[in-house]
Amino acid sequence: MLVKLSAYTIQGIEARTIEIEVHVTKGVNFYLVGLPDNAVKESQQRIYSAISESGFKIPGKQCTINLAPANLRKEGTAFDLGIALGILAASNQIETQFLNRWAVLGELALDGRIRSVTGVLPMAIQAKQDGLQGIIIPHVNAHEAAVVEGLEIIAVHTLKDAVTVLNGHSSTAFTPCVDSPPFDCNVNTLDFADIKGQQVVKRALEIAAAGGHNVLLIGPPGAGKTMISKRLPGILPPLSRAESLETTRIYSVAGKLPQPITGLVKERPFRSPHHTISNIALVGGGNHPQPGEISLAHNGVLFLDELPEFQRSALEVLRQPMEERCVQISRARYSINYPANIMLIASMNPCPCGYYSHPEKHCSCNPAMVHRYLHKISGPLLDRIDLQIEVMPVQLHELEAKTKTESSGVIRKRVIQARNIQAQRFNNIPNVYCNAQMHEQLTEQYATLQAPAAALLKKAMTRLGLSARAYSRILKMSRTIADLENVEHILTHHVAEAIQYRTLDRTAWHAN
């Protein structure tokens, strides 16, 4: 007897439909075909044990399982439940009339329990697009799949539960109650009010958050670079539902959803990998491709502390994702894309000892050492970082001050207001949501300068030897500063402020 069921495999963050074909006939062998990986090949032992422990009969016949299309590699353990139900249906132990209505996913334990699998959210989205009535999944993944509207969810604990549903003894789909994520609620507990002094740096991060710009903080140890950086998510605008859904898909595929799974990701990601990270772990890929730290920071912040300590090759692979806001991974058989719409914030010391520009402490590095250290960061990468801020140590009188500075909530209101202006500006332009994402034509249209501001920027270009990319970054920053003031035209002081945030473009800074 031949039975067919629907299942899914993951490529990138997209689900691909897989048809499980089970044929039971005379013989004693077990064949599993369709380009399965080792995890899928080993499913026979799990399936047979689960069938036996659940009180069903293992058919004493030849079982042939085909996972179609045969040219697409099948990975993971999500096919266990579908194959087991197919074997039971093909051996007339369960009804087959409902099988074509449901997609089936789940890993089987030897005793028949159903374990969670990764990538359920994109699979549920694809099941709805395929026109299926619903999806049978592990109970642990129920909240994750339930965010897809219009799809019935049957969440089961064991193989016996799934059989009961398909035999019609339990016809009601279990739909878990999922609270709507508080997209308008900022749950970040780190506050800018805790930071003493550093008004210039806080202002720079406000501009960065308002326009989605990348930031580099450079200064001696103990100046507060890391402390300030970790508070950046607290002033970012809330996630939209579309952003939350896309971020959740990435975390679902990577198996990094917070436990217990309660639905959509509610906060903007903040990823802070160690400087020993490999290229693949940072960008993504590998033998079994997975999203890297860049994609895990999608719609959020990627924080690279001690930037020159990262491998040069790892830093250089950042350039393309920062420009195109996606990671492209190509293999001989396939090519996949991972989204990477990130804000990069990095920090570094100005020299190996850390005290090159310190106002009080003596630097023990000679000029050649300082030069080599600064040039660990390539020019093309620096060009892609909009704001380059020198962070100086906080003075004692500022540390002792009792006055409270602006809280993250107050700053965040201004950031949201500026982002709303940009949302209206780019309303009909696909894939552009903030000023940092403007391409050349949009920059020319929305960041035009009047004569005095243009003259100032021309003078800065000549004196500082800025590149064409740096010129474009200054225009975008100027547009953001004007948006924070709710001003339609970019004025001279907007350009002047944007220019001062290009610290490493100043040759005098290196020679100081």
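The structure is a predicted model, in which local features need pLDDT of at least 70 and side-chain atom pairs count only at pLDDT 80 or more, while totals for chains, interfaces and linings use all residues. Residues are numbered from 1 along each chain as its sequence is written, and side-chain values use heavy atoms, with hydrogens and water left out. The protein chain contains 22 helices and 18 strands; helices (H or I, at least four residues) and strands (E, at least two) are DSSP runs, numbered from the N terminus.

**Overall dimensions and burial**

- Taken along the principal axes, the C-alpha atoms of the protein chain fill a box of roughly 85 × 45 × 45 Å.
- Of the 512 residues in the protein chain, 53% are buried; buried means under 20% relative accessible area, exposed over 50%, and partly exposed in between, with a 1.4 Å probe and protein chains only.
- Among contacts (heavy atoms within 4.5 Å) in the protein chain between residues at least 6 apart in sequence, 75% join residues at least 24 apart.

**Nonpolar cores**

- A nonpolar core is a set of buried Ala, Val, Leu, Ile, Met, Phe, Trp, Tyr and Cys residues joined through side-chain atoms within 4.5 Å.
- The largest nonpolar core has 63 residues, of which Ile20, Ile65, Leu81, Leu85, Ile87, Ile136 and Leu159 touch the most other members.
- Helix H3 (residues 80-90) gives the most to this core, contributing 8 residues.
- Not counting residues up to four places away in sequence, Ile65 touches several residues, including Ile20, Phe30, Leu32, Ile83 and Ile87.
- A second, separate core of 45 residues includes Ile13, Val253, Ala314 and Cys351.

**An open parallel sheet**

- An open sheet is formed by 5 strands in the order E11-E14-E17-E10-E18, with parallel pairing; two strands pair if DSSP finds at least two bridges between them.
- Strand E11 (270-271) and strand E18 (387-390) stand at the edges with a single partner strand each, so one side of each is left without a neighbour in the sheet.
- Strand E10 (residues 215-218) and E18 run parallel and are joined by 4 bridges; Val215 has Leu387 in E18 as its bridge partner.

**Cysteines**

- The whole structure has 0 disulfides, a disulfide being a pair of cysteine sulfur atoms within 2.5 Å.
- The sulfur of Cys363 lies 3.7 Å from the closest cysteine sulfur, in Cys351, which is too far for a bond.
- Cys365 is likewise in no disulfide, with the nearest cysteine sulfur, that of Cys353, 3.6 Å away.
- Cys363 counts as buried because its relative accessibility is 14%, and Cys365 counts as buried because its relative accessibility is 13%.

- At the start of H14, a side-chain oxygen of Asn366 comes to within 3.1 Å of the backbone nitrogen of Ala368.
- Val370, Tyr373 and Leu374 are buried in H14. They lie on the same side of H14 because they cover an arc of only 95 degrees around the axis, the arc being that of the directions from the helix axis to the C-beta atoms.
- Lys376 is placed in the loop between helix H14 (367-374) and helix H15 (379-383), and counts as partly exposed because its relative accessibility is 35%.
- Lys376 touches Pro308, Arg312 and Leu315, not counting residues up to four places away in sequence.
- Lys376 and Glu309 are 67 residues apart along the chain, and their C-alpha atoms are separated by 8.4 Å.

Definitions and conventions:
Polar contact = N/O pair within 3.5 Å; in protein donor to acceptor, adjacent residues only side chain to side chain.
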